[in-house]
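Subject: Structure handover

Hello,

Here is the structure I said I would pass on. Please load it before you read the rest.

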Amino acid sequence: MSAEHLDVLIIGAGLSGVGAAYHLIKHCPGKRFAILEGRATLGGTWDLFRYPGIRSDSDMFTLGYNFKPWTNPLAIADGPSIRSYIEETARENAIQDRIRFQHKVLKADWCSERATWTLQVQRGDEAEPIKLSCQHLLMCTGYYRYEAGYTPEFKGREQFEGEFIHPQLWPENFDYSGKNVVVIGSGATAVTLVPAMTDKAKHVTMLQRSPTYVVSLPQSDPISIFLRRFLPETWVYRLARTRNVAIQMIFYTLAKAWPSLVRKVLLGLAKRELGADFDMRHFSPSYKPWDERVCAVPNGDLFKVLREGKASVVTEHIDGFTAKGIRLKTGEELPADVIISATGLELQLFGGMQVAVDGVPFDAAKSMGYRGIMLRDLPNAAVVLGYTNASWTLKADLSSEYFCRVINHMDATGMRQCTPRDSARQVKDAPFLDLASGYIKRAADKIPTQGDRAPWKLYQNYLLDLALLRYGKVEDAYLVFSSPQVGEPTEAATAV
């Protein structure tokens, strides 16, 4: 039986995948496409994560799509609100009907002779995978493993008599009322969980090996709330988006240019929130601002529960678990009924699928990012990722728009294959992500590199990417177009 053929297959129906579908509909209206989603629902991260307090770690005026205004009064929004926003986008643009749920891609093989991707897809509980084929592959699977997060090996963990939970696999209806909770970690998940769990817990302790920069941001945007009384929603959204992009870029640029000054400001703001008597070593990282992401807390909720004594911070290394809690290297024991390992993610590209080019397994770690979207020597494929120093969707939207430009250019020039190449290997390698975070260091041997020059260099600069990806030329010395003449792809499908 012939494989069903589509022009484009999008992998993943999360924030990026739904956005990519919109851009395909708008910019490539004649293309047949479908979204393959391994889970039973859309939403990606915002459906998977269900731990208390789950929220955005940046403002929704920049995390929202560039084509759909965020109208909720909360600028830093909770997970369910973001999931509803994605669902609404899918409904409004007839994207929902193009999603094939419980379609997990196991393998994707590129054939240069036919300029076609062939995918093996596990559909639900069916015994045998089905086959689909396409000319273009748009991978919107994010960069972490959905099945489980990262959990270090804790000595004596089997002795602990309480509940041990990773936030990525939060138990439904878990009751922590009246319990002592220890949250291991100091990143975005930990600083979200700690204030959220003080509503029912007896006490919550954030146990960190090292501190993180934490800054308080207003949960709502009073300027936008005021402007909504006079201006159309689209105008208000554009103004807020432009303002917040500028603020993010200025903050990041200042942090890189004058790290000591920015550090002093961040610690000063935290001290003002916590009070003069608070031990600031718990919020004084050893690294420079933006060597790792800066954590934002809405309306200073983390600082508030620390001031009120509902939560506390301990900065120390773990020696091991005991029956009743955690023993620190100092010999002190932290009592715990519940231990939450907010210790990070496991990075994984392509949603875990195997990728091959002409029968040869494709090793992403030996490749290099092209414009932060495509990968060297990987034809007709894009990997949609967001920024590390700004909101994810800013780059995701631009990436999808750019790939649509590539598709249209190929159609206009009669080309069927497009591959980033650096045959002379003159571009020098550099780490793909300029962050020292643990989850990035752990995955150094799994992710591609970036180059030392354009278009291989990853700038993490929205305005520069806007100019290059939306308005720059598609053709350059490294993007190789070709049109194999042998054979045609398998059976054409009816439009989805």
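What follows goes from the whole chain to the cores and then to single strands and helices.

The model is predicted, so local features need pLDDT of at least 70 and side-chain atom pairs count only at pLDDT 80 or more, while totals for chains, interfaces and linings use all residues. Residues are numbered from 1 along each chain as its sequence is written, and side-chain values use heavy atoms, with hydrogens and water left out.

Overall

The protein chain holds 12 helices and 25 strands; both are DSSP runs numbered from the N terminus, helices being H or I of at least four residues and strands E of at least two. Its radius of gyration is 24 Å against the 23 Å that the globule rule gives for 496 residues, so the chain is as compact as a globular protein of that length. That radius is taken over C-alpha atoms, and the rule is 2.2 Å times the number of residues to the power 0.38. The C-alpha trace spans about 75 × 55 × 45 Å along its principal axes.

Of the 496 residues, 54% count as buried, meaning under 20% relative accessible area with a 1.4 Å probe, protein chains only. The exposed surface comes to about 21,800 Å², of which carbon and sulfur atoms supply 52% (Shrake-Rupley method, 1.4 Å probe). Taking contacts (heavy atoms within 4.5 Å) between residues at least 6 apart in sequence, 72% join residues at least 24 apart.

Cores

A nonpolar core here is a set of buried Ala, Val, Leu, Ile, Met, Phe, Trp, Tyr and Cys residues joined through side-chain atoms within 4.5 Å. The largest has 131 residues, and W117, L119, L137, F283 and F350 touch the most other members. Helix α10 (residues 392–413) gives the most to this core, 10 residues. Apart from it lies another core of 12 residues, including F160, V182, L334 and I339.

Strands count as paired if DSSP finds at least two bridges between them. Strand β5 (residues 116–123) has 6 of its 8 residues buried. Strand β4 (residues 103–111) pairs with β5 in the antiparallel sense over 8 bridges, with K104 opposite Q122. Their hairpin has 4 residues between the strands, and A115 in the turn has a positive phi of about 50 degrees. β5 is also joined antiparallel to β6 (residues 130–139) by 5 bridges, where L119 has L132 as its bridge partner. The hairpin of β5 and β6 has 6 residues between the strands, and G124 takes a positive phi near 60 degrees.

Strand β10 (residues 214–217) pairs with β11 in the parallel sense over 4 bridges; S216 has V297 as its bridge partner.

In helix α5 (residues 188–197), 7 of the 10 residues are buried, so the helix is largely enclosed by the rest of the structure. The buried residues are A190, V191, T192, L193, V194, P195 and M197.

A three-stranded sheet

An open sheet of 3 strands runs in the order β13-β14-β15 with antiparallel pairing. β13 (318–322) and β15 (333–335) stand at the edges with a single partner strand each, so one side of each has no neighbour in the sheet. Between β13 and β14 (residues 325–328) there are 4 bridges, and F321 has I326 as its bridge partner.

Regards

Definitions and conventions: Buried < 20%, exposed > 50% of the residue type's maximum accessible area, 1.4 Å probe, protein only.
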